[in-house]
Amino acid sequence: SEFMPVRLRSFGFYCAGMGYAFGYVMIAGLAYFIRDWRVFLKVCGSAEFIYLLYYFWIDETPRWLHAKGKMEEGRKIIQKISKMNNKDVSVIEDEIMALKSSSELSIGSWDSFLMFVKQPILLMRLAILCFAWTIVIMTYYAIALNLNSLSGNRFLNIFFGGLMEVCNVTLFCIFVETKGRRNTYIGMMIICALGIASTPFISVWFAQLSVATTMLSKLTVGVSFSVLYLYPAELFPTNLRQTTFGFCNMFGRIGGLIAPFLIYSKNGNTLIPSLATSAIIFFSVAQFLFLPKTKANQLPQNVEDALRLK
């Protein structure tokens, strides 16, 4: 978010999400040819070592450096960006904001945190997002883990699940630019809740159709998942952007821990868990109505900027 100009912010998330989607599709092929799950995990896990190289490839963002008072380092990175893209520094709109005079340096992280906890509006936004992360990740992984138990070929089900990821990343890019972040989350999660609630009833009459409703729910919750990766960055100030994002992510992982228990506690009865999950989703949707719209807004640099969001 901090590297991308406003007009390309959602497209940047689209590119990152598409990498995840193609990786999901590849998983089905790897699992088909590597049937030993231990070997499969070793092959997938070995790919993580490439992240060690990111330390040398990825720079800090100029916005964060500016918030920390490291003006010269931020200026050097902007010059590096402009040189790589053969563009003048003035063309990089977002980063120009980060090169204000040194007399306008932002306050430190601890002072920003103290200001943050004194603002009920920001705390309310954080609580709403934490709850949303918990519910979305719980729903996402409950659906993803349950693909293996759906009727039909398990490898094809995983493959179709990967195709849904490609679709949801594409829909994310379209809807957040036309409908905005908040409205996209609300609309997609309503469809997801209806799909989850209807699946137990549909599976009684036509099992194959229940696969379709499950995929629809996976599609919509996937779009919402992408929104939650973008939205917090646009609601909180630079000094606390990663801290608040990490806090939301922590609550999201709690949802990931709940997902397996949600699947294996049903004892053949999917009706009650499905209806309960749908009700919780609707509760999260209602909370999102209290969050501001951020489409086409600059990222807030400090607490005052964040409070001005409406």
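1. Let's start with a group of rings. Trp133, Tyr140, Tyr141, Phe225, Tyr229 and Phe245 are joined into a cluster through ring pairs. Please keep in mind as you look that this is a predicted model. Across the whole structure, a search turns up 19 aromatic pairs. One of them is made by tyrosine 229 and phenylalanine 245: the pair is tilted, with 5.5 Å from centre to centre and 55 degrees between the planes. Tyrosine 229 sits in helix α11 (residues 207-230) and phenylalanine 245 in helix α12 (residues 238-264), so this pair ties together parts that are 16 residues apart in sequence.

2. Phenylalanine 245 has a relative accessible area of 18% and is buried.

3. Step back and take in the whole chain. How many helices and strands does the chain have? There are 14 helices and zero strands, and reading from the N terminus the order of elements is α-α-α-α-α-α-α-α-α-α-α-α-α-α. The chain has 310 residues, of which 43% count as buried. Its accessible surface is about 16300 Å², and carbon and sulfur atoms account for 69% of that.

4. Next, look at how the chain meets itself. Take the contacts between residues at least 6 apart in sequence: 82% of these join residues at least 24 apart. Isoleucine 186 and valine 285 are separated by 99 residues in sequence, while their C-alpha atoms are 5.4 Å apart in space. Setting aside neighbours within four places in sequence, isoleucine 186 is in contact with Val285, Phe288 and Leu289. At 12% relative accessibility, isoleucine 186 counts as buried.

5. The largest nonpolar core deserves a careful look. This core has 44 residues, and the members that touch the most others are Leu129, Tyr185, Leu228, Ile281 and Phe288. At least two residues of the core come from each of α8, α9 (154-178), α10 (181-205), α11, α12, α13 (271-288) and α14 (303-307). Which helix supplies the largest share of this core? The answer is α8, with 14 residues. Apart from this core there is another one of five residues, including Met18, Ala21, Val25 and Val169.

6. Not counting residues up to four places away in sequence, leucine 129 touches Leu228, Tyr231, Pro232, Leu235, Phe236, Cys248, Phe288 and Leu291.

7. Threonine 139 lies in helix α8 (residues 120-146) and counts as buried at 2% relative accessibility. Beyond residues up to four places away in sequence, threonine 139 touches Cys192, Ile196, Val221, Thr277 and Ile281. Arginine 241 is placed in helix α12 and is buried, with a relative accessible area of 2%. What lies 3.2 Å from a polar atom of the arginine 241 side chain? It is the backbone oxygen of phenylalanine 236. Asparagine 157, in helix α9, is buried with a relative accessible area of 4%. The C-alpha atoms of asparagine 157 and methionine 215 are 9.1 Å apart, although 58 residues separate the two along the chain.

8. Finish at tyrosine 32, in helix α1 (residues 9-33). Arginine 35 lies over the face of the tyrosine 32 ring, 4.9 Å from the ring centre. Is tyrosine 32 buried or partly exposed? With a relative accessibility of 44%, tyrosine 32 counts as partly exposed. Tyrosine 32 and phenylalanine 155 are 123 residues apart along the chain, and their C-alpha atoms are separated by 6.6 Å.

Terms used:
Residues numbered from 1 in each chain as written. Predicted model: local features only at pLDDT ≥ 70, side-chain atom pairs only at ≥ 80, totals over all residues. Heavy atoms only, no water. Phe/Tyr/Trp six-rings, centres within 6.5 Å; stacked < 30°, edge-to-face > 60°. Helix = DSSP H or I, 4+ residues; strand = E, 2+ residues; numbered from the N terminus. Buried < 20%, exposed > 50% of the residue type's maximum accessible area, 1.4 Å probe, protein only. Lys NZ or Arg CZ within 6 Å of the ring centre and 35° of its normal. Contact = heavy atoms within 4.5 Å. Areas by Shrake-Rupley, 256 points an atom, 1.4 Å probe, with all protein chains shown as cover. Polar contact = N/O pair within 3.5 Å; in protein donor to acceptor, adjacent residues only side chain to side chain. Core = buried A, V, L, I, M, F, W, Y, C linked by side-chain atoms within 4.5 Å.
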